[in-house]
Amino acid sequence: MSRTFLGMPGTVSMMGYSGKEGFPENAAKAVRNSQLRFNLRKATGTIRGRRASVVGELPDWPDLRQAGKAIKDHTLRNLDTYLVELEEAVTRAGGHVHWARDAAEANRIVTDLVKATGETQVVKVKSMATQEIGLNEALHDEGITAYETDLAELIVQLGDDWPSHILVPAIHRNRSEIREIFVRHMSEWGRPAPEKLTDDPAALAEAARLHLRERFLATKVAISGANFMVAETGTLVVLESEGNGRMCLTLPETLISVVGIEKLLPTWRDLEVFLQLLPRSSTGERMNPYTSMWTGATEGQEFHLVLLDNGRTRVLADDLGRQALRCIRCSACLNVCPVYERSGGHAYGSVYPGPIGAILTPQLRGMESELDRSLPYASSLCGACYEVCPVAIDIPSVLVELRGRSRHPMAERAGMAAAGWVLNRSGRLARAQRMGGRMRRLVPKRLPGPLGGWTDTRDLPDIPKESFRDWWNRTDGGSR
Amino acid sequence: MSARDVILARVRAAVEGVPDVEIPRSYRGAAPASEGLVDLLAERVRHYKAAVHVVAETGVADLVAASLAERRARRLVVPEGFPEPWLPAQGFERIADEPRLSASDLDTADGILTTCAVAIAETGTIVLDAGAGQGRRALTLLPDFHLCVVRQDQIVANVPDAVARLDPGRPLTWISGPSATSDIELNRVEGVHGPRILEVVIVTPAAT
């Protein structure tokens, strides 16, 4: 089976993290970065509070969540029918539909479409799908420059960095770091940062506005993703905040949208559910500032839709794992995750970080690398992600299932076999407990040899002097 | 096989034998219009730091004139179909999108006046559908100031109401407050690429 590319190739080192190392090694590096931990704690704490308040004000949230889950399950069950229906509707409305089996094919289609326009520059709306397939790098190799226009993506691009959050890709940067990146690198990409730029967020946003304005007015090709596609009408939907999305979707002469096949909704009416679920779960707002909806070629624009598989049909074939395809990329699960809050997004080594990434990445990419095998363990299984998920993806259950599928280390398998042997007979257990009790002072804080992997990240529990059963027998249940 | 056929075949193989599911629609649907919607819309739009005025039909032109003066907006784009009685008699230069304005021309305008298709009280959203008085999508994007006039009968209670009223065949722009970002330490900053100033005028029938 061919490996699916998810934006971060396993052999290329990035940000000091290498795909050869697992999540524990990456996370250990990340948690030593106190600036990162401070930024993450502040940001995730803020957004958790906002989400809770706007979700709490809707009396029918659980009903919307159930409807959202069912609409997605129904769509996935009938995905072939709805994809064909979508293709017909988009084509009828003057758009062109392309199909891409994998990242390489999608990149080739988009590159060819851009080349056909004769342009060498494109503007981009933040899109997970194009990050997933490494589109910017593919375009670069063909002499085409892709300009990211979302503020956070701009920060990431200017800083030659990797996104670390689905919604707020530069969540790991604070204002003074962002100011530094603007002052140093804006001039390499276009209009330089204003003189005497401060680190006031409003001033930084103004700098981004000035930097990108001429680019928006001059660029003739735009590339986007989409949050939803409606099969019935052929309508695409993009939710955003800044207006860079509207700039890209309306001004250029050619629009190319790269969208995962799971982004479908059957009917126009289904949007009434998701336009409530997504903004409230995602930015914690009643509604995001701008939502654009268009059907086919609009207002004289040339429109291409690239439908992307890239491992999705493999996930779809898995009875338990396919629920990950319900994901609407709101990032609520990242913001509540105690592991994400400490490790940050880079440690996950994929454009999909956090709890959803821990189940999506190993399924899309397979579990051949050390990193991908370790991702299902990047969780304490506390279940907060499941609770906030607007489409009720049971992330903990999928994590446990994926853990079972990965090959476990020799020492762990030996340890588990030994534990099974002891626990299987009460006599053996009692003897082992008594021996443990007598030797308790000799047990080291850190286990030796290959067993050390377990104690690297955990404290060894204290062994009691006496087992509960022995205590019960000796004291007759505490009465003696 | 083409990529299309391969993907469709993979999908069919993946979902074969998987049971379908019913979609429960027990969530709140469309709600009846009520008097309270004007106040709710005003409150929710203000929450996004947009200015909101509620005015009787006869007072719209004066209010628009005052607003333009306050914003020092002189060169205004007025899309075709914008109701003439709502325009101030003087004090501004009227720009039409006919022939179609270039993006850089639009960029130099001080502001844009529009109507809307629907407004959603619960979320503080106005929806434009490029219909009469609204013009094409870029008009409300490039100028830094957008003044939108909403008639009371265009206000609906919630999102399901709005979706039912809108035509998916038209290009739609849902606007909830001015352009904003939360990308820097999750502090909300109003005004990035879209209009930094949004003003909403809610028009009630003259009789009330």
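Predicted model: local features only at pLDDT ≥ 70, side-chain atom pairs only at ≥ 80, totals over all residues.
Residues are numbered from 1 along each chain as its sequence is written, while chains are lettered from A and ligands numbered from 1 in the order in which they are written.

Start with the two strands. Strands are DSSP runs of E with at least two residues, helices are runs of H or I with at least four, and both are numbered from the N terminus. Two strands pair if DSSP finds at least two bridges between them. Strand S4 (221-224) and strand S7 (254-260) of chain A are joined by four bridges, in the parallel sense.

Now widen the view. In chain A, six strands make an open sheet with parallel pairing, in the order S1-S10-S7-S4-S2-S3. Its edges are S1 (96-100) and S3 (145-148) of chain A, and each pairs on one side only.

Next come the domains. An automatic or database assignment sets their bounds. Chain A has domain 1 (1-60 + 327-407), domain 2 (61-312) and domain 3 (422-475). The C-alpha centres of domains 1 and 2 of chain A lie 21 Å apart. Their contact takes 34 residues from domain 1 and 38 residues from domain 2 of chain A. Contact here means C-beta atoms, placed from the backbone, within 7 Å. On the domain 1 side, helices H2 (34-56), H14 (332-336) and H16 (354-365) of chain A each supply at least two residues. The largest share, nine residues, comes from H2(A).

Conventions
Contact = placed C-beta atoms within 7 Å.
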